Amino acid sequence: MARVLDSSGNSANLEGISNGQQQREVTVSTGSTEVSKNVPSRNFLLLVNDSDEVVYISIGEDAVSNTGIRLNASGGSYQMSQKGGNLTSSVINAICASGSKVLTVTESA
């Protein structure tokens, strides 16, 4: 299990993270942007909005502004895990209002 700091600087355990995790940054645009492919073996996913603008994510379909899961600016996040009961292998898409905003993705399979 990995320990990271949340958006408030507090230490947090992340369920499902292992040494085989992948971390990357995805630049989100004003059109639906794929941030994670369909991954049948996914066991953990963490998305963190590392921008100054709200980002919306959608699971299994195109992202639409002001619809879906809202990730607030400057650290808004969404975590999927088996323990959380919200794990899916579906494609994850994101969208933002002005484009060129960074979403960090941590994923393990």
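**Note on Ser 51 and the strands around it**

1. Ser 51 sits in a loop, between β5 (44-49) and β6 (55-59). Strands here are DSSP runs of E of at least two residues, and helices are runs of H or I of at least four, both numbered from the N terminus. The model is a predicted one, in which local features need pLDDT of at least 70 and side-chain atom pairs count only at pLDDT 80 or more, while totals for chains, interfaces and linings use all residues. Residue numbers start from 1 along each chain as its sequence is written, and side-chain values use heavy atoms, with hydrogens and water left out.

2. Is Ser 51 buried or exposed? Ser 51 has a relative accessible area of 9% and therefore counts as buried. The cut-offs are under 20% for buried and over 50% for exposed, with partly exposed in between (1.4 Å probe, protein chains only).

3. Leaving aside residues up to four places away in sequence, Ser 51 touches Ala 73, Ser 74, Lys 101 and Val 102; a contact is heavy atoms within 4.5 Å. A polar atom of the Ser 51 side chain also lies 3.1 Å from the backbone oxygen of Glu 53.

4. Where does β6 stand in its sheet? The order is β4-β9-β6-β7, an open sheet of four strands with antiparallel pairing. At the edges are β4 (33-36) and β7, each of which pairs on one side only. From one strand to the next the twist averages 35°, taken between axes that are lines fitted to C-alpha atoms, with angles running from 0 to 180 degrees between N-to-C directions.

5. As for the whole protein, there are ten strands and zero helices. Of its 109 residues, 37% count as buried. Among contacts with a separation of 6 or more, 72% are between residues 24 or more positions apart. The accessible surface is about 5900 Å², and carbon and sulfur atoms hold 43% of it; such areas come from the Shrake-Rupley method with a 1.4 Å probe.

How values were computed:
Polar contact = N/O pair within 3.5 Å; in protein donor to acceptor, adjacent residues only side chain to side chain. Pairing = 2+ DSSP bridges.
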